[in-house]
Structure formats: structure tokens, C-alpha cells
Amino acid sequence: MSVNDDLAWIRDVLGLINSAADADIPMLGHCLGGQLMSKALGGRVTHNRVKEIGWGTVSIADGAAAREWFGATREFSGFHWHMETFSIPPNATRIAESPYCANQAFVLGKHLGMQCHVEMTPELIRSWCEDWEKERVPKAEPSVQTPAQMYVGLDSRVRSLNRVADGLYERWIKGLSP
């Protein structure tokens, strides 16, 4: 599925995102959610140059907005499962990137859009890997891991990822206060 598909629910969600932005209601989007946010806020969603599937380094931008959201974290191992990516919407700030996808996260006021996944659990990763064969990945694609590669150190990796998520969500929650 793509944000660019002509589906009624996508048009409805884009309208909802615009209404929330106009009302200054904080929004948070992961992967497809980040893509929907970007498109609704004036960005574009296009094919990424490669599929990005599995664990990969996410680097935090050097800037005030990135420090506000990520604190002292300069990079982390994020989880990825996408073949499209978003552009940074007008007036938003890119706060994270990866070697295979330049736009991993953006902020616009109280709103946080992410291409990567920080919300993962071991069970969710195992569930997604059940469909790994459907991805039809070319052999030796450096941006894609096999399920066996994704499972190495899974519990430890997820705990580390969840610490990053906790910090982001704590910062996002502050936007809910008047």
C-alpha cells in the first residue's frame, strides 16, 4: 500500500491530519503514519532508492530541534520496513536520517513524523518476518536483512529501541498540555 494510492480512507486521513494541524493537536506518525503526515502537511511521498528492511543505524541531526526530541542520543539502531519515503514538509525540520533513507524523522511544532519504527516488540518483528518472502528482495541488497539477521540479539535490540521510543513519547506528550 502507498499513501499515493487512490483510496477513500487515505483522503479522509489526510483531511484529519490537516484538521489536527490547524487545531494544533499533536500528531505522531510511524512509517506509513509519517508518510501520511508529510503528504498532508505539503510534502511528497516517493519510492526510496532501495528497500530498507531490518535493523539499521539512525543518526540524529545536529540542531536544537533534534536535541529537543532526542536529548543526548546521537544515533540508535532503528527498525525499518519500507520502500517509500517522505520529503520534509514546508516549515518542518529533519531531525534524523539513515544511510539508506535521508528522511527518517521530522518535527513541525508539536508534531513528530518518523519513517523508522521505534514502537516495535519482539512479537511484532517476528510477525512481520512471517511475510518477509513476499518482499521479493534481490540477493545481497545491503539495505535489507533476512529474518535470521533481524533475530540476532532481538530482545536486547528491542529494549534499546524502546528506550528511544520512551524518550520521544515523553517529549510528544508534553505537547498535549495547554
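Exposed means over 50% relative accessible area, buried means under 20%, and partly exposed lies in between, using a 1.4 Å probe and protein chains only.

A word on the source. This is a predicted model, where local features need pLDDT of at least 70, side-chain atom pairs count only at pLDDT 80 or more, and totals for chains, interfaces and linings use all residues. Residues are numbered from 1 along each chain as its sequence is written, and side-chain values use heavy atoms, with hydrogens and water left out.

Back to Asn91. Where is Asn91 placed? Look in the loop between strand S3 (75-86) and strand S4 (93-98). Helices here are DSSP runs of H or I with at least four residues, strands are runs of E with at least two, and both are numbered from the N terminus. Phi of Asn91 is positive, near 70°, and Asn91 is not a glycine. Most residues other than glycine have a negative phi.

Now Asp24. Its phi is also positive, about 60°, and Asp24 is not a glycine either. Asp24 sits in the loop between H1 and strand S1 (28-30). Asp24 is partly exposed, at a relative accessible area of 39%.

That brings us to H1. Helix H1 covers residues 8-22, so to speak 15 residues, and reaches 21 Å from its first C-alpha to its last. That is close to the 21 Å expected at 1.5 Å a residue, the expected span being 1.5 Å times one less than the number of residues.

Which residues of H1 are buried? Ile10, Leu14, Ile17 and Ala20. They cover an arc of only 125° around the axis, which puts them on the same side of H1. The arc is taken from the directions from the helix axis to the C-beta atoms. An α-helix has 3.6 residues a turn, so residues three or four places apart point the same way.

The buried residues of H1 pack against helix H2 (32-40). Contact means heavy atoms within 4.5 Å. The face turned away from that buried side carries the exposed residues Asp12, Leu16 and Asp22.

Finally, zoom out. The chain has six helices and six strands. Along the sequence, their pattern is α-β-α-β-α-β-β-β-β-α-α-α. Of the 178 residues, 46% count as buried. The C-alpha trace spans about 45 × 40 × 25 Å along its principal axes.
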